[in-house]
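Trainee: I would like to learn how to read the features of a model like this one. Could we go through it together?

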Amino acid sequence: MAYELNGKVLEATDNGYLVNQDDWDKDVAQAIAAGEGLALTQDHWDVIEFLRDAYFNRNGEQPNNRAILKAMQDKWQGRKIDNKTLFDLFPGNPSKQAGKIAGLPESLRKGGY
């Protein structure tokens with residue numbers, strides 16, 4: 001599988017995850033999201049940026065849904081945030097679908113917790 005964007009072909013795995021994380025930028029994220037049927041809002045970007053920060057600044061950490069939920073509760077104070085909120089944003093499983101859009105490697109753990 002591959003993504004074509006701005007005349008460049010970006011290699012991806014059979015599941016749509018970028019092979020080279022250095023290929024990622026916000027335009028690539030928009031293209032992957034569009035392929036997933038998503039239009040990215042600021043809430044999507046908050047989750048994506050949290051996942052990228054965890055991966056690149058915490059030794060390859062890939063937070064699960066529970067960790068994402070806790071981080072977004074802290075970030076979006078004053079709003080009711082629950083699992084449904086995350087699944088409304090990323091119906092294909094928040095940690096995995098958001099990770100794909102964030103240009104991270106596929107997480108091999110099972111389940112969201």
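Mentor: Start with Asn-6, which is exposed at a relative accessible area of 68%. Buried means under 20% relative accessible area, exposed over 50%, and partly exposed in between, with a 1.4 Å probe and protein chains only. This is a predicted model, in which local features need pLDDT of at least 70 and side-chain atom pairs count only at pLDDT 80 or more, while totals for chains, interfaces and linings use all residues. Residues are numbered from 1 along each chain as its sequence is written, and side-chain values use heavy atoms, with hydrogens and water left out.

Trainee: Where does Asn-6 lie?

Mentor: Helices (H or I, at least four residues) and strands (E, at least two) are DSSP runs, numbered from the N terminus. Asn-6 sits in the loop between strand 1 (2-5) and strand 2. Its phi is positive, about 55°, although Asn-6 is not a glycine.

Trainee: Which helices does the loop with Asn-93 lie between?

Mentor: That loop runs between helix 4 (83-89) and helix 5 (94-101). Asn-93 also has a positive phi, of about 95°, and is not a glycine. Is Asn-93 buried or exposed? With 15% relative accessibility, Asn-93 counts as buried.

Trainee: How many helices and strands are there in the protein chain?

Mentor: The protein chain has five helices and two strands. Their order along the sequence is β-β-α-α-α-α-α. The radius of gyration of the protein chain is 14 Å, close to the 13 Å from the globule rule for 113 residues, so the chain is as compact as a globular protein of that length. That radius is taken over C-alpha atoms, and the globule rule is 2.2 Å times the number of residues to the power 0.38. Along the principal axes, the C-alpha atoms fill a box of roughly 45 × 30 × 25 Å.

Trainee: What share of the residues of the protein chain count as buried?

Mentor: Of the 113 residues, 45% count as buried. For the surface, accessible areas come from the Shrake-Rupley method with a 1.4 Å probe; for residues, only the protein chains shown count as cover. The protein chain exposes about 6300 Å², and carbon and sulfur atoms supply 47% of that area.

Trainee: How should I read contacts?

Mentor: Contact means heavy atoms within 4.5 Å. Among contacts in the protein chain between residues at least 6 apart in sequence, 52% join residues at least 24 apart. Phe-90 gives a case: leaving aside residues up to four places away in sequence, Phe-90 touches Leu-38, His-44, Val-47, Ile-48, Gln-97, Ala-98 and Ile-101.

Trainee: Is Phe-90 buried or exposed?

Mentor: Phe-90 counts as buried, at 0% relative accessibility. Phe-90 lies in the loop between helix 4 and helix 5.

Trainee: What does Pro-105 touch?

Mentor: Not counting residues up to four places away in sequence, Pro-105 touches Tyr-17, Gln-21, Tyr-55 and Gln-62. Pro-105 has its place in the segment after helix 5 and is partly exposed, with a relative accessible area of 23%.

Trainee: How many aromatic pairs does the count come to?

Mentor: Rings of Phe, Tyr and Trp (its six-membered ring) pair if their centres lie within 6.5 Å; planes under 30 degrees apart count as stacked, over 60 as edge-to-face and the rest as tilted. By this rule there is one aromatic pair. The rings of Tyr-55 and Phe-56 have centres 5.0 Å apart and planes at 90°, so the pair is edge-to-face. Phe-56 is partly exposed, at a relative accessible area of 41%.

Trainee: Where is Thr-13?

Mentor: Thr-13 is in the loop between strand 2 (8-11) and helix 1 (26-35). Thr-13 touches Met-1 and Val-19, residues up to four places away in sequence not being counted.
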